[in-house]
Amino acid sequence: PHAIYLEDYQPPAWRVERTALRFELEEEQALVRAQLSISINPEAGSRQALELLGDDEIELQRLSIDGEVLCASDYARADGRLVIPNVPDSFTLECVTRLLPQQNTALEGLYKSDGMFCTQCEAEGFRRITFFPDRPDVMSVFTTTLVADKTRYPVLLSNGNPVASGDADGGRHWVTWEDPWPKPSYLFALVAGDLALVEDHYTTASGREVALRIYAERKDLDKLDHAMVSLKNAMRWDEQVYGREYDLDIYMIVAVDFFNMGAMENKGLNIFNTSCVLAHPQTTTDAAFQRVEAVVAHEYFHNWSGNRVTCRDWFQLSLKEGFTVFRDAEFSADMNSRTVKRIEDVTLLRTAQFAEDAGPMAHPVRPESYIEISNFYTLTVYEKGAEVVRMLHTLLGPELFRKGSDLYFERHDGQAVTTDDFVRAMEDVSGRDLSQFRRWYSQAGTPRLNVSDQYDAETGCYELHVSQSCPPSPGQEHKLPYHLPLAMGLLADDGTELCSRVLELTEEEQVFRFEGIPSRPVPSLLRGFSAPVKLDYAYTDQQLLMLLRHDTDGFNRWDAGQRLSVRLLQQQTEAWCRGEPMQCEQALVDAWRGLLRDENLDPAMVAQLLRLPSEAQLSELADEIDVIAIHEAREFMRTALARALESEWLAVYQRCDAASGTYSPDAASIGLRSLKNLALEYLIATGREPWLELARQQFEQSDNMTDQQAALSLVVHSGFREVGAELLEAFYLQWQHESLVMNQWLAIQASDSAPGALERVVSLSRHPMFDMRNPNKLRALIGGFCGQNLVQFHAEDGSGYTWLADWILKLDRQNPQVAARLLTPLTRWKRYEPVRRALMRDQLQRMMDTAELSADVYEVVSKSLV
Ligand code: B3K
Ligand code: ZN
């Protein structure tokens with residue numbers, strides 16, 4: 001496998017104005033006839049041979065130019081390419097290919113999921129279907145005809161609008177779809193199957209009627225309402241907030257069970273992982289309800305940020321992904337609690353993106369090279385990319401930002417562009433120079449801000465000294481300073497806010513002066529997490545407690561509490577390592593008591609404030625990760641806080657329980673359930689029997705999956721092993737017919753850290769509920785064990801590492817994308833103490849020594865070993 005570089009980009013030599021496809025879908029094979037109207041690209045540098053991309057596995061049956069069949073000597077086919085040296089300036093190329101979708105286990109290109117045909121073409125799946133300039137800067141108008149057995153596949157879908165249909169011989173039928181909007185091949189999609197649907201409609205701001213259809217297997221028809229409501233909300237929101245309307249007569253979503261990621265924004269025909277579209281109170285948790293809302297909106301928003309304006313090349317992936325994640329995050333913030341949404345997003349960023357930034361696969365938001373682009377659908381491109389857009393929003397303010405996005409969409413409608421074009425639109429509307437800001441796209445790593453202060457009581461002058469730096473990352477030894485917004489405020493000791501500002505950092509070291517400050521203030525820094533950085537300031541415990549109580553910025557209230565918890569947990573981790581007794585600070589207990597007793601606070605916020613940072617996050621913050629010490633310290637604190645505040649937890653549990661009525665997935669009810677279940681978690685953590693009974697009751701009597709699953713996982717993860725096993729069995733019997741619920745059942749067991757975990761997951765991998773071809777099952781079981789069960793995955797004998805490596809090698813032959821992704825935990829080997837570090841490295845080396853790794857796994861393993 002070899003690398004591809006951004007600096008080698010060349011515009012396409014040929015354009016494809018029109019693409020007509022005809023699919024004959026059969027039980028053993030699919031035949032694809034493609035007619036491409038090709039002409040020379042006047043913007044290309046020089047005339048070149050026609051080069052089409054097509055996977056070596058597809059069978060080329062016929063190739064003709066303007067009706068003349070080519071013979072083997074007219075073209076060359078090798079390494080995923082088809083080269084035809086002699087072609088006119090403008091011509092029609094026809095090619096017929098034969099594929100085996102039934103055998104496509106990689107789930108890229110055309111494949112079968114539970115008896116239905118579907119496609120996944122981003123990033124480079126179209127070349128597994130036919131020969132094409134499969135790159136995002138070649139945009140074409142597609143017409144697609146599907147032909148298939150009428151009984152097995154009554155529903156035949158593709159992009160755009162249906163324009164003709166009819167019956168064919170042998171019980172077959174056909175439908176033709178036309179998509180008027182030019183699009184790159186990665187946005188092509190088709191679906192053929194026996195599907196049920198819910199239908200609704202939407203009237204756009206300018207009065208156009210759009211039919212909305214969500215398709216799923218018949219048994220899931222009762223789980224589509226939430227997605228439909230979310231879709232309509234997203235359509236309205238994009239009109240109101242970005243002035244963007246939908247542009248076809250139909251918008252379709254199809255739910256499929258076998259899918260490599262969450263969902264795909266194919267023009268007019270989104271294909272979704274069932275886990276991101278199906279929702280029903282009885283089978284779906286609050287978190288999953290919110291995920292459905294977010295993903296439905298995300299894919300819808302792509303219609304403008306991604307489809308109408310697309311990426312020039314895959315290095316620009318964050319152009320559409322970072323911007324669209326920012327858009328969906330703001331949408332979710334408007335639909336739910338803004339502060340809670342921000343806390344959740346920042347937690348993900350700090351836990352997983354910061355870890356990525358500090359690991360061997362670290363890359364800039366706009367990577368400079370890749371071996372396999374699938375490996376770059378990362379937290380950096382998505383989440384950090386969204387933070388970069390958010391910083392532009394903060395620096396310019398909402399009005400200018402909106403002007404900038406309007407200009408961007410107008411200027412580049414129908415084009416394939418770069419992140420630079422996006423920033424230029426923001427520059428043009430604001431008159432600002434964002435050249436330094438562009439470093440956010442080109443430099444990898446998490447910047448660090450060091451803040452200290454000085455106060456002169458006589459003059460009332462307060463100074464903040466801010467310095468910034470960024471650690472080296474692969475291929476980037478030295479970093480230049482970033483341009484970033486540092487939102488902050490100053491608080492008096494009693495919590496009164498003295499001022500609030502957005503400081504702009506551009507230099508390595510800067511001083512900011514504040515006049516007329518009556519007494520030494522407490523700074524509230526990086527409010528709302530205004531930049532994706534790590535910030536150090538020597539807060540005292542007292543100052544953090546004050547901010548936790550009084551900060552006017554909800555996010556920073558939470559963050560103050562987190563800083564304090566992290567500090568105390570780190571102290572206990574060190575105590576544990578030294579063999580000294582651990583202890584729980586009384587001041588923390590008192591502060592938490594105050595929060596638990598204050599009935600005026602928003603329950604959702606209290607739940608966030610009283611959640612201890614996860615083991616994964618504490619690991620990210622550690623100099624050298626000691627998994628056991630972190631686990632022990634966190635368990636100690638959890639138990640101590642549980643016991644010290646037992647009556648408060650019970651009171652809160654009862655208060656929230658009484659306040660929750662019938663199930664509704666709105667923000668207020670979700671907040672009540674999250675605080676109630678957090679209280680139950682602490683009650684269970686006391687280890688006392690009565691609370692086990694309370695959990696059992698909740699498990700048996702609740703009318704919704706959020707409460708039932710919370711009770712189940714708390715009991716399973718507690719010391720009450722027998723009851724845990726009993727509830728698992730009951731849950732299984734109740735829900736065995738619901739595949740998504742069974743994924744949770746697998747994940748809860750996989751993340752159980754009690755001894756014997758590896759034996760348990762090995763036996764689950766042989767359970768009928770597990771299916772190694774289904775990515776959701778793999779993520780639940782393997783991802784659950786390696787990502788959520790840190791103590792057991794990192795067992796000192798290395799058994800967890802061997803188990804994972806065995807799986808990767810097995811999966812790599814079947815589904816390289818998923819294999820490469822599941823590999824992530826091993827890539828972090830350098831962060832661990834010497835024994836585990838060596839064991840993890842051994843497994844990476846074992847994989848490296850294996851012949852014939854896929855490009856996906858090869859890239860991750862080889863970069864990890866550097
Ligand atoms: N654009 C798709 C991701 C495709 C991943 C391909 N390996 C989903 C999304 O971000 O909306
Ligand atoms: Zn996306």
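So, Leu-107: this one sits in the loop between strand S9 (90-99) and strand S10 (109-113). Strands here are DSSP runs of E with at least two residues, helices are runs of H or I with at least four, and both are numbered from the N terminus. Leu-107 isn't a glycine, yet its phi is positive, about 60 degrees. For context, most residues other than glycine have a negative phi, and most peptide bonds are trans.

Quick housekeeping. This is a predicted model, where local features need pLDDT of at least 70 and side-chain atom pairs count only at pLDDT 80 or more, while totals for chains, interfaces and linings use all residues. Residues are numbered from 1 along each chain as its sequence is written, and chains are lettered from A and ligands numbered from 1 in the order in which they are written.

Ala-123 is in the loop between strand S11 (116-120) and strand S12 (139-149).

And those two residues come up again with the ligand. What surrounds ligand 1? Glu-122 and Ala-123, then Met-261, Ala-263, Met-264, Glu-265, His-298, Glu-299, His-302, Glu-321, Ser-374 and Tyr-377. To be listed, a residue needs its C-beta atom, placed from the backbone, within 6 Å of the molecule. Strand S20 (263-264) and helix H2 (286-301) are the elements that give two or more residues to that shell. By class, the shell has five nonpolar, three polar and four charged residues. Nonpolar means Ala, Val, Leu, Ile, Met, Phe, Trp, Tyr, Cys and Pro; charged means Asp, Glu, Lys and Arg; the others, Gly among them, are polar.

Now helix packing. Two packed helices are described by the angle between their axes and the distance between the axes. Here the axes are lines fitted to C-alpha atoms over the stretch in contact, with angles from 0 to 180 degrees between N-to-C directions.

Start with H10 (residues 554-578) and H14 (residues 627-644): about 120 degrees, axes 8 Å apart. That makes H10 oblique to H14; under 35 degrees would be roughly parallel, over 145 roughly antiparallel, 65 to 115 roughly perpendicular, and the rest is oblique. The crossing of H10 and H14 is right-handed, as in the near helix being turned clockwise from the far one by less than a right angle, with anticlockwise being left-handed. From H10, the contact includes Leu-568, Leu-569 and Trp-576, and from H14 it includes Ile-630, Phe-636 and Met-637. Contact means C-beta atoms, placed from the backbone, within 7 Å.

Thr-339, Arg-342 and Ile-343 of H4 meet Gly-554, Phe-555 and Trp-558 of H10, which gives three nonpolar, two polar and one charged.

Last pair: how do H19 and H20 pack? H19 (residues 721-735) and H20 (residues 739-750) are at about 165 degrees, axes 10 Å apart, so H19 is roughly antiparallel to H20. H19 passes H20 in a left-handed crossing. The contact uses Leu-728, Phe-731, Tyr-732 and Trp-735 of H19 with Val-741, Met-742, Trp-745 and Gln-749 of H20. That's seven nonpolar, one polar and no charged residues.

Note on methods. Contact = placed C-beta atoms within 7 Å.
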